[in-house]
Amino acid sequence: MTSTAAAPSFEALLDRDDIVWMGQNTNHLEPLPEVVEALERSVARREFQVYAPAAGLSELRALIADDLGLPGLDVWVTDGAVAGLHHLCTALAPRVTQVVTSDPGWPWPVRFGALAGLPARVVSVYDEPTRLLQADRLAEVVEERSLLYLIDPLNPLGSSYTRAELEAIVEVARATSSYVVHDCTYRHFADDHTLAAELYPERTFTTYSFSKWLGLAGLRLGAVAATPELLAEVMAVPANPLGSSLVGQRAAVAGLRARDRWLPALRATNRANLRRVEELVAASGLGEVVVSPAQGNFLAVDLAGSGWGSDALCAALLEDGVFIRPGTYQSPLHGERFVKISTSVPPAWIERFADAWTARAGGPTR
Ligand SMILES: Cc1ncc(COP(=O)(O)O)c(C=O)c1O
C-alpha cells in the first residue's frame with residue numbers, strides 16, 4: 001500500500017522499538033494515572049460500542065471553555081483539531097474569497113480550502129524579524145471576506161503573537177469582514193498567550209487539540225470553540241454528527257480535571273528539554289536555533305552553512321532511530337533550510353538525539 005507524499009504515514013516506524021519520536025510534536029512523557037484509569041474504565045464499560053453526543057460530552061465542552069479562559073464560548077468536540085480545521089475551511093468556503101496564512105506553517109488548512117475551490121495567499125515569514133505573519137504584511141494580501149489561518153504558537157518555528165500584534169491583525173480582519181481561525185494547538189506550552197477570540201469574538205474560531213499538551217494524539221480528539229451564534233453557523237451540518245470517540249473523551253475529561261497539576265510539570269520538562277537542545281546544537285556547530293525561547297514543544301534549527309539540506313539530515317538521523325522532521329513538510333518556500341525537533345519527550349531521548357546530531361555535525365560526507 002502507498003500513501004501520498006502530502007500525508008506521509010510513517011507506518012514502518014511503528015514496528016521499530018528503537019525510535020525516538022521527536023518529529024511530530026507528540027507527547028511521550030509518562031501519562032497521568034487518572035488519564036490511563038479513565039481509558040481503562042471506559043474500555044471495561046465497553047464504551048467503544050456506543051456513540052458520543054454529537055457536540056461532545058457536556059462536561060468536556062465546559063472544561064475546554066474553562067481551560068481557554070473564555071467561559072462564554074461554545075465548544076464542539078472534533079476528531080482531533082485537524083478535523084475541526086477541515087470542517088471550518090469547507091463550511092466557510094462559500095462565504096470567503098481566499099485563505100491567508102504563513103510559510104512556514106501547517107499545510108492542511110490551505111489544502112482543505114483548495115478542495116473547496118479557495119485560492120491561498122501564503123506570506124513568507126521565515127526571514128521576518130518576528131517569524132510571524134504580521135498585520136502590515138497581511139494588509140498587503142487581504143481581501144474582503146478572507147479566511148485568516150493563524151497558527152499560534154507557530155508550528156514549526158515556535159514564534160508566538162503578542163497581544164498587541166494580535167490586536168493589529170484583528171483590526172485588519174474586522175475592516176475586511178474576514179474570519180480568523182486561530183489554531184491554538186500549542187497554546188499550553190507558551191509562556192504567555194492571547195486568544196484572538198477575546199479581541200474579535202464575532203468572527204474568530206479557536207481550534208484546540210488534546211494531542212500535544214495531554215498526549216492523546218492516537219485518540220484523535222480536539223475541538224472548535226466560538227461564540228454560540230458563530231459556532232451554530234458552521235455546525236448545523238457537522239462532520240461528526242455521531243460524536244467523537246467516547247473513550248477518548250473520558251480521557252480528556254480526566255486530563256482537564258488534573259490540568260493544574262499536569263501542566264506545570266509538563267512545561268518544566270519541556271523548557272528544560274528545549275534548553276538542552278539549544279545547548280547541544282550550539283556546542284555541535286551544526287545549525288542555529290531559529291526562535292529562542294521557542295513557545296511550543298518543538299524548535300527549529302537553521303542549517304545554513306552546514307552542508308546539510310533538511311531532508312538529507314533527517315534521513316541520516318533516522319538511520320540512528322532518531323525521528324525529527326525536515327522543514328520541507330511545512331515550508332515549500334524555505335523547507336530545505338531548517339529541521340524541526342520536538343521536545344515533549346523523556347530527557348533520555350534528548351540525549352539519544354544529542355549523540356546522533358553531534359555525530360552528523362561534520363556534514364553529509366562524513
Ligand atoms: C498547527 C497544527 N494544527 C493542528 C494539528 C493537528 O492536531 P490534532 O492532532 O489535534 O488533529 C497539528 C498537528 O501536528 C498542528 O501542528
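**Figure 1. Overall dimensions of the chain in the predicted model.** The C-alpha trace spans about 60 × 55 × 40 Å along its principal axes, and 48% of the 366 residues count as buried. The secondary structure comes to 13 helices and 13 strands. Among contacts between residues at least 6 apart in sequence, 74% join residues at least 24 apart.

**Figure 2. The open sheet of seven strands.** The strands follow the order S2-S8-S7-S6-S5-S3-S4, and their pairing is mixed. Strand S2 (74-78) and strand S4 (120-124) stand at the edges and have a single partner strand each, so one side of each is left without a neighbour in the sheet. On average, and with direction ignored, neighbouring strands of this sheet are turned by 20 degrees against each other.

**Figure 3. Helices that lie against the sheet.** Helix H3 (residues 58-68) packs on the sheet, where it touches S2, strand S7 (204-209) and strand S8 (222-226), and the direction of H3 makes about 115 degrees with that of S2. Helix H5 (residues 108-115) lies across strand S3 (98-103) as well as S4, S5 and S6, and runs at about 160 degrees to S3.

**Figure 4. Strand S5 and its two partners, S6 and S3.** Strand S5 (residues 146-151) runs parallel to strand S6 (residues 179-183), to which it is joined by five bridges; within this pairing, leucine 148 has valine 180 of S6 as its bridge partner. S5 also pairs with S3 in the parallel sense, over three bridges, and here the bridge partner of valine 99 is leucine 147 in S5. Six of the six residues of S5 are buried, and both faces of the strand are covered, with Ser146, Leu148 and Leu150 on one side and Leu147, Tyr149 and Ile151 on the other.

**Figure 5. The shell of residues around the ligand.** The ligand is surrounded by 13 residues, of which the closest are Gly80, Ala81, Val82, Ser209 and Ser211. Helix H4 (residues 80-92) supplies the largest share of this shell, contributing three residues. Sorted by class, the shell holds five nonpolar, seven polar and one charged residues.

How values were computed
Residues numbered from 1 in each chain as written. Predicted model: local features only at pLDDT ≥ 70, side-chain atom pairs only at ≥ 80, totals over all residues. Near = placed C-beta within 6 Å. Helix = DSSP H or I, 4+ residues; strand = E, 2+ residues; numbered from the N terminus. Nonpolar A, V, L, I, M, F, W, Y, C, P; charged D, E, K, R; others polar. Pairing = 2+ DSSP bridges. Axes fitted to C-alpha atoms, helices over the stretch in contact; angles between N-to-C directions. Contact = placed C-beta atoms within 7 Å. Buried ≥ 20, exposed ≤ 12 C-beta atoms within 10 Å, placed from the backbone.
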